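Here is a friendly walk through one protein model, heading by heading. Have the sequence and the 3D view open as you read.

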Amino acid sequence: MTASTEPVDPVVIAQLGRPYGIKGWVWLQVFTRPIENIKRYRDVTLRTERGETRPAQFEKLTVHPKGVTVKIAGFDDRTAVETLGRAEVVVDREALPPAGPNEYYWRDLIGCEVVHLSGQVLGEVKDMMETGANDVLVVQGDRERLIPFLPDEVIHAVDLDERRIEVDWDPDF
């Protein structure tokens with residue numbers, strides 16, 4: 001494995017989990033939404049916990065009620081797939097479909113300045129969380145704030161060029 005196989009603009013779309021059965025299948029923790037979007041990707045890069053990378057190909061992929069399993073080409077038994085550990089599954093940013101109108105990739109929101117409608121700066125998006133009901137901005141300023149990502153209700157404007165998100169959220173909350 002070498003660092004030369006790392007995509008130019010890497011995006012982590014999944015992470016390998018524990019082996020599934022004895023024929024080289026492995027559980028996959030999927031970060032795409034909807035989860036079925038993982039099927040778009042066959043040629044990926046695996047990045048190990050040691051930072052080593054290797055090209056890989058999804059030979060087969062199955063969505064189960066309890067999650068997703070994948071068979072990676074060249075890994076034909078449980079022992080072989082165990083050598084991958086909890087490797088991240090990475091693709092180049094160009095492999096992602098373009099975001100639709102008023103849709104954003106989380107990675108594009110992280111680092112944006114968050115400003116109240118009044119002009120008060122609340123901080124910078126440090127992370128995102130999924131709650132089931134809606135996504136949440138983790139904003140770090142004078143303190144940490146959790147702001148629901150609810151377009152038209154809380155989120156009034158997102159300007160990725162200016163790296164700015166305008167919100168209607170009580171600054172004291």
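Pro34 sits in the loop between strand 2 and strand 3 (43-47). Strands here are DSSP runs of E with at least two residues, helices are runs of H or I with at least four residues, and both are numbered from the N terminus.

Before going further, please keep in mind that this is a predicted model, in which local features need pLDDT of at least 70 and side-chain atom pairs count only at pLDDT 80 or more, while totals for chains, interfaces and linings use all residues. Residues are numbered from 1 along each chain as its sequence is written, and side-chain values use heavy atoms, with hydrogens and water left out.

## The barrel

Which strands close into a barrel, and in what order? There are 6 of them, running 1-2-5-4-3-6 around the barrel with antiparallel pairing. From one strand to the next, the twist averages 45°; the angles run from 0 to 180 degrees between N-to-C directions, with axes fitted as lines to C-alpha atoms (for helices, over the stretch in contact). Two strands are said to pair if DSSP finds at least two bridges between them.

On one side, strand 2 (residues 25-30) and strand 5 (residues 67-72) pair in the antiparallel sense over 4 bridges, and Leu28 has Val68 as its bridge partner in strand 5. Strand 4 (residues 53-64) also pairs with strand 5 in the antiparallel sense, here over 6 bridges. Thr62 stands opposite Thr69 of strand 5, and a hairpin of 2 residues connects strand 4 to strand 5.

## A strand covered on both faces

Why is strand 5 described as largely enclosed by the rest of the structure? The reason is that 6 of its 6 residues are buried, where buried means under 20% relative accessible area, exposed means over 50%, and partly exposed lies in between (1.4 Å probe, protein chains only).

In a regular strand, side chains alternate between the two faces of the sheet. In strand 5, both faces are covered: Gly67, Thr69 and Lys71 are buried on one side, and Val68, Val70 and Ile72 are buried on the other.

Another 6 strands form an open sheet in the order 10-9-8-7-12-11, with mixed pairing. Its edge strands, strand 10 (144-148) and strand 11 (155-159), each pair on one side only. The twist in this sheet averages 35° from one strand to the next. Strand 9 (residues 135-140) and strand 10 run antiparallel and are joined by 5 bridges, with Leu137 opposite Ile147 of strand 10.

Two loop residues are worth a look for their backbone. Asp152, in the loop between strand 10 and strand 11, has a positive phi of about 75° although it is not a glycine. Asp152 counts as exposed because its relative accessibility is 69%. Arg163, in the loop between strand 11 and strand 12 (164-167), is also not a glycine, yet has a positive phi of about 55°. With 32% relative accessibility, Arg163 counts as partly exposed.

## The largest pocket

The largest pocket has a volume of about 990 Å³ and is lined by 30 residues, with Phe31, Arg33, Tyr104, Tyr105 and Trp106 nearest its centre. A pocket is an open set of points on a 1 Å grid over the protein atoms alone, where a 1.4 Å probe fits and protein lies on both sides within 12 Å along at least five of seven lines; lining residues have an atom within 4 Å of a point. The volume is the space filled by probe spheres set on the points, which are joined across faces, edges and corners.

Strand 1 (10-20), helix 2 (106-109) and strand 8 (121-130) each supply at least two lining residues, and strand 1 gives the most, with 4 residues.

## A buried aspartate

Asp108 is found in helix 2 and counts as buried because its relative accessibility is 15%. Its side chain makes a polar contact of 2.8 Å with the side chain of Arg93. A polar contact is a pair of N or O atoms within 3.5 Å; within protein, one must be able to donate a hydrogen and the other to accept it, and residues adjacent in sequence count only if both atoms are side-chain atoms.
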